[in-house]
Amino acid sequence: MIDTHSHLYVEEFSEDIDAVLERARSAGVSKVFLPNINKDSLVPMLDLCAAHRGFLYPMIGLHPTDVASDYTEVLDYMEAQLQENHPFVAVGEVGLDFYWDKTFSREQQDAFVRQIEWAVMYELPLMVHVREAHKELLHIMDSFLHESLTGVFHCFSGTMEEARQLLAYEGFMLGINGVATFKKSGLPNVLQQIPLERIVLETDSPYLAPVPYRGKRNESAYLALVASKLAELYQIPVETVAARTTKNASDLFKRAN
Ligand code: NI
């Protein structure tokens, strides 16, 4: 299995990262993709990936909630990193988040457009984060319809109508995580109408731990619980979920093969 979205370089894992990675391997996780957050997270992420080559793979991008008045300088810095002989497997995580703060909504949209342009130029998939900005996201994505964009709409937990709109972008998958295991989640009903061919697994560690660890620190080993939930929903063996979602992720993140 591949954990396509896990922030394993953050402080929450500084004490026991080796044990965390060991548990992930034991749980059947063969690769983990690490989305970047901001300028400060780049070096810790790259160091961790360098220490675990062939298992951990970095992305580059500025998270929408970290877009602030200095965003153009930060993006210039990141683009320079991309121009070098880089190890990045995707541009991420990028997107729009108007839930926490709308102060920089215009800047978020500008940063998103610029980072989509990187994905086009470097032929990398996008790791997209969207919250309370579905319409604005579609508007921006539509202006790139003529490009062969690929990527993941990470942490999908929307309605069937939203799923339909997102899956209209043919090169994209929905990233499914522990939210699917939450008791009051409407996601299971939606998932049953979405083909497994359009799904990749993720944890979003250290956030959104699946049941029975909800509220605790999440880690990549818990990907197995997300896979089990999907097996239950689709009424297929968990091995089929693992194999198919691994293929989906491998097809998308070509630089990690
Ligand atoms: Ni994330």
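## Surroundings of Asn 177

Leaving aside its neighbours within four places in sequence, Asn 177 is in contact (heavy atoms within 4.5 Å) with Cys 155, Glu 202, Thr 203, Asp 204, Leu 208 and Val 226. The model is predicted, with local features taken at pLDDT of at least 70, side-chain atom pairs at pLDDT 80 or more, and totals for chains, interfaces and linings from all residues. Residues are numbered from 1 along each chain as its sequence is written, and side-chain values use heavy atoms, without hydrogens and water.

Asn 177 is placed in the loop between β7 (172-176) and α7 (187-191); helices (H or I, at least four residues) and strands (E, at least two) are DSSP runs, numbered from the N terminus. With a relative accessibility of 0%, Asn 177 counts as buried (under 20% relative accessible area; exposed is over 50%, partly exposed in between, with a 1.4 Å probe and protein chains only).

Asp 204, one of the contacts of Asn 177, sits in the loop between β8 and α8. Asp 204 is buried as well, at 7% relative accessibility.

## Nickel site

Three residues coordinate the nickel ion: His 5 through NE2, His 7 through NE2 and Glu 93 through OE, at 1.9 to 2.1 Å. Donors are N, O and S atoms within 2.8 Å of the metal (3.2 Å for Na, K and Ca), and sites may look incomplete because water is not among the atoms. Along the sequence, the donor residues follow the spacing H-x1-H-x85-E.

Both histidines are covered: His 5 is buried at a relative accessible area of 0%, and His 7 is buried at 3%.

The largest pocket has a volume of about 710 Å³. Its lining numbers 23 residues, of which Asp 97, His 129, Val 130, Arg 131 and Cys 155 are the closest to its centre. A pocket is an open set of points on a 1 Å grid where a 1.4 Å probe fits, with protein on both sides within 12 Å along at least five of seven lines, and lining residues have an atom within 4 Å of a point. Volume is the space filled by probe spheres set on the points.

At least two lining residues of the largest pocket come from each of β4 (91-97), β5 (126-131) and α6 (160-167). The largest share, three residues, is that of β5. Sorted by class, this lining holds nine nonpolar, eight polar and six charged residues (Asp, Glu, Lys and Arg are charged; Ala, Val, Leu, Ile, Met, Phe, Trp, Tyr, Cys and Pro nonpolar; the others polar).

Helix α9 gives the most, with four residues. By class, the lining of the second largest pocket has eight nonpolar, three polar and six charged residues.

## Strands

β1, β2 and β3 form an open sheet in that order, and the pairing is parallel. β1 (2-3) and β3 (56-58) are the edge strands with a single partner each, so one side of each has no neighbour in the sheet. Strands pair if DSSP finds at least two bridges between them. Three bridges connect β2 (residues 31-34) to β3, and Val 32 is opposite Leu 56 in β3.

β6 (residues 151-153) pairs with β7 in the parallel sense over three bridges, and Phe 153 lies opposite Leu 174 in β7. In β7, five of its five residues are buried. Phe 172, Leu 174 and Ile 176 point one way, while Met 173 and Gly 175 point the other way. In a regular strand, side chains alternate between the two faces of the sheet.

## Backbone exceptions

Most residues other than glycine have a negative phi, and most peptide bonds are trans. Ser 205 and Pro 206 are joined by a cis peptide bond with omega of about 10°. Pro 206 is in the loop between β8 (199-201) and α8 (223-234). Asp 204 has a positive phi of about 60° without being a glycine.

Glu 123 also has a positive phi, near 50°. Glu 123 occupies the loop between α4 and β5 and counts as exposed at 72% relative accessibility.

## Ser 250

Ser 250 lies in helix α9. Not counting residues up to four places away in sequence, Ser 250 touches Ile 2 and Asn 257. Leu 223 is 27 residues from Ser 250 in sequence and 16 Å away in space, C-alpha to C-alpha.
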